[in-house]
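Hi,

Here is the structure I promised to pass on to you. Have it open while you read, and my notes follow below.

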Amino acid sequence: MARVLVVDDAKIMRNILQTMLEKGGHEVVACAESGEKALIQYDDLKPDLVTLDILMKGVDGMECLKSIRSRDPSAKVVMVTAQGHGQKHEEALAEGAAGYVAKPVDPEHLLAEIDRIMAS
């Protein structure tokens, strides 16, 4: 079981991810609707893993990923986004994302990705 911080600007997506994660046996310690709030919650809660949307107003997912990884090089972050698997996927992995899941999210794929990351 992982303690997870869910970050997405869409409330419906935060709810969907929270439900998927909890059904998969993980604990959602918080949800954030922006990169700014995610950074505060990351520092306060020290989650085991972060699910992070790329496109958000203000501090977007890529900036948030870079900031989390600069604060904690061992941070485990899964990008969960509607963006395709092209340039953003490669950029996210180059910046230290541990995984990348495309929307619409397949629960089995998300949980398998988290299990893989937490086992490494």
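**Charged pairs**

Let's start with Lys103, which is partly exposed at a relative accessible area of 22%. Here buried means under 20% relative accessible area, exposed means over 50%, and partly exposed is in between (1.4 Å probe, protein chains only). Before we go on: this is a predicted model, where local features need pLDDT of at least 70 and side-chain atom pairs count only at pLDDT 80 or more, while totals for chains, interfaces and linings use all residues. Residues are numbered from 1 along each chain as its sequence is written, and side-chain values use heavy atoms, with hydrogens and water left out.

Which side chain does Lys103 meet in a salt bridge? The partner is Asp8, at 2.7 Å from N to O. (A salt bridge is a side-chain nitrogen of Lys or Arg within 4 Å of a carboxyl oxygen of Asp or Glu.) Lys103 sits in the loop between strand E5 (99-102) and helix H5 (107-119), and Asp8 in the loop between strand E1 (3-7) and helix H1 (11-23), so the pair ties together parts that are 95 residues apart in sequence. The labels come from DSSP runs, numbered from the N terminus: helices (H or I) have at least four residues and strands (E) at least two.

A search of the whole structure gives six salt bridges. Among them is Lys37 with Glu33, at 2.5 Å from N to O. Lys37 is partly exposed at 41% relative accessibility, and Glu33 is partly exposed too, at 32%.

Another one joins Arg71 and Asp43, at 2.3 Å from N to O. This pair links distant parts of the chain, 28 residues apart: Arg71 is in helix H3 (residues 61-71) and Asp43 in helix H2 (residues 35-45). Arg71 is partly exposed at 42%, and so is Asp43 at 33%. There is also a network: salt bridges that share partners join Asp8, Asp53 and Lys103.

Which residues of H2 are buried? They are Gly35, Ala38, Leu39 and Tyr42. The face turned away from the buried side carries exposed Ile40 and Asp44. The buried residues of H2 pack against E1, strand E2 (27-32), strand E3 (49-52) and H3. Just after H2, Lys46 takes a positive phi of about 50 degrees.

**The sheet**

Five strands make an open sheet in the order E2-E1-E3-E4-E5, with parallel pairing; two strands pair if DSSP finds at least two bridges between them. E2 and E5 are the edge strands, each pairing on one side only. E3 and strand E4 (residues 77-81) run parallel and are joined by three bridges. One example: Val50 has Val77 in E4 as its bridge partner.

**A glycine to look up**

Gly96 lies in the loop between helix H4 (87-94) and E5. At 17% relative accessibility, Gly96 counts as buried. Leaving aside neighbours within four places in sequence, Gly96 is in contact (heavy atoms within 4.5 Å) with Leu65 and Arg69.

Cheers
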